[in-house]
Amino acid sequence: VSKSARSEPGNVPNGRVAELAVFAGFGRFWGAGDITVWSFETAWNCYVDHVAYLFASELLGLVPWTLASLDEAALDLLLDGQTNFAWYANSAYKSYKLTTTPLAKLYPATGYTLKRLPGQSLTVVPANPLFVWAFLKKEKILAGTRLQTIVNLLNWFREFADHSASPTDVLTAQGTEAVWQHRYGMPVSRLVDGTATFTVTGAFEFDHWTQGCQGSAAAMASILWSIGIPATCTAPCAHALPYFPSEDAYLSHADDPYNIYAHDLPIVNGGMIVSMPFASWPTAQLLIDGKQYDNWFGPTVTNANKCVNVGRQVYELAAETLPDFLLKLHCLDVADGLVVPASDAACQTTRVFKVLGDKFSVQMLKSLAFPGQGPDLWVNLQAKLDKVGGCSAVKWFGFVPGIGNVA
């Protein structure tokens with residue numbers, strides 16, 4: 001029997017203790033065989049609480065946007081109960097109703113499950129709208145437009161969130177319990193507040209752990225639900241790509257904000273800076289529009305190329321802005337004998353290509369079309385290096401995946 005079903009204000013509507021049923025031996029959703037079902041009352045209260053906040057915000061002018069500006073599909077994401085809940089009834093499975101005595105008594109498996117976003121295999125536990133509003137105000141995420149509010153939320157993920165590093169698979173009930181102390185999905189409140197858990201390195205670390213791209217996409221949608229901003233996701237190559245329909249805006253991957261190459265603050269460990277920032281571009285540049293989305297993930301794009309393009313925007317921004325960490329890697333390549341302009345074969349052996357080669361071929365990096373730059377990435381790196389005063393002027397240090405510590 002699951003030991004979860006621990007409920008607290010922020011995890012269930014108005015802090016009410018949810019009546020939860022936890023299945024044993026049911027393997028279709030969780031690898032560990034657990035799935036949580038909410039009673040009708042709990043699911044209904046959660047839905048009503050959120051919709052009530054939407055209408056109150058509208059009537060009282062608590063947000064500067066209006067539901068009236070949304071089309072029917074976007075309104076469904078906010079107002080249709082079937083967006084967030086699905087009825088489940090299966091008499092073949094029995095469950096333990098945790099509010100009864102004795103706990104061993106079996107009941108039919110009926111109730112509401114939290115619904116997953118399109119193409120996803122997991123979901124999150126919504127937070128109370130009061131909790132969400134307090135979080136958004138504290139972190140100054142609420143802004144004058146839907147778009148800026150979305151950008152501010154992405155900036156919070158960029159600054160605070162981290163991909164779970166648990167040694168236990170977080171797609172299982174045991175994994176979610178180990179990281180978020182909850183067996184059915186990541187509670188939004190625990191992402192926001194942060195939790196401590198063991199990581200793959202054996203360290204016991206506190207962080208705002210997120211359940212990978214699927215958990216992040218679902219958390220973004222759940223948070224924005226409370227303030228009338230519709231969000232969902234698409235699922236190319238079994239990944240989650242958040243979609244904000246009111247703005248015709250996407251992320252190329254829900255992990256983009258906390259991708260290491262998107263870090264715009266020093267990385268600190270044990271009170272010491274272990275890495276300088278990787279990026280300096282504004283968070284708004286993570287968003288791509290519908291046209292760019294179609295270029296990378298549309299119906300004419302092969303499945304193989306869709307997989308390559310997952311998370312592409314962070315690498316595009318690196319190639320365009322030529323941040324200090326790329327300049328540092330270029331300096332190391334030049335010290336090893338790289339002469340610019342270089343042959344394709346020489347470029348393919350560089351540290352710079354080890355970073356960007358997941359998304360670009362050498363030929364692509366030699367035919368870029370960014371404003372104010374020539375087509376060849378290595379020529380552009382050398383030109384910027386000469387402009388800043390050469391390698392002695394580049395003070396970047398840190399750990400680069402696939403390369404190691406760079407000083």
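Trainee: Is Trp 44 buried, partly exposed or exposed?
Mentor: Trp 44 is partly exposed, with a relative accessible area of 46%. Buried means under 20% relative accessible area, exposed means over 50%, and partly exposed is in between, with a 1.4 Å probe and protein chains only. Bear in mind that this is a predicted model, where local features need pLDDT of at least 70, side-chain atom pairs count only at pLDDT 80 or more, and totals for chains, interfaces and linings use all residues. Residues are numbered from 1 along each chain as its sequence is written, and side-chain values use heavy atoms, with hydrogens and water left out.

Trainee: What about Tyr 47, buried or exposed?
Mentor: Tyr 47 is buried, at 19% relative accessible area. Trp 44 and Tyr 47 are three residues apart in helix 1, so about one helical turn separates them. Helices here are DSSP runs of H or I with at least four residues, strands are runs of E with at least two, and both are numbered from the N terminus.

Trainee: How many aromatic pairs are there?
Mentor: The count comes to 18 aromatic pairs. In the pair of Trp 44 and Tyr 47, the ring centres are 5.7 Å apart and the planes are at 40 degrees, so the pair is tilted. The rule is that rings of Phe, Tyr and Trp (its six-membered ring) pair if their centres lie within 6.5 Å; planes under 30 degrees apart are stacked, over 60 edge-to-face, and the rest tilted.

Trainee: Which residues do ring pairs link into a cluster?
Mentor: Phe 40, Trp 44, Tyr 47, Trp 87 and Tyr 112. Phe 40 is in helix 1 and is exposed, at 53% relative accessible area.

Trainee: Which of its residues are buried?
Mentor: In helix 1 they include Ala 43, Cys 46, Val 51 and Leu 54. Just after helix 1, Gly 61 takes a positive phi of about 65 degrees.

Trainee: Which residues form the nonpolar patch on the surface?
Mentor: Phe 55, Leu 59, Leu 60 and Leu 62, with about 470 Å² of accessible area together. Patch residues have over 30% relative accessible area and no salt bridge; like charges are joined within 9 Å, and nonpolar side chains (Val, Leu, Ile, Met, Phe, Trp, Tyr) within 5 Å. The areas come from the Shrake-Rupley method with a 1.4 Å probe, and for residues only the protein chains shown count as cover. Leu 62 sits in the loop between helix 1 and helix 2 (72–79), and is partly exposed at 47% relative accessibility.

Trainee: New topic. How many salt bridges does the structure hold?
Mentor: Five. A salt bridge is a side-chain nitrogen of Lys or Arg within 4 Å of a carboxyl oxygen of Asp or Glu. One of them joins Asp 264 and Arg 158, with the closest N and O atoms 3.7 Å apart. That pair links distant parts of the chain, 106 residues apart: Asp 264 is in the loop between strand 12 (249–250) and strand 13 (267–269), and Arg 158 is in helix 4 (residues 146–160).

Trainee: Is Arg 158 buried or exposed?
Mentor: Arg 158 is buried, at 4% relative accessibility, whereas Asp 264 is partly exposed at 29%.

Trainee: And what does Lys 366 form a salt bridge with?
Mentor: With Asp 344, where the closest N and O atoms are 3.1 Å apart. Salt bridges that share partners also join Asp 333, Asp 336 and Arg 351 into one network.

Trainee: Last one: how many helices and strands in the protein?
Mentor: There are 15 helices and 17 strands. Buried residues make up 52% of the 407 residues.
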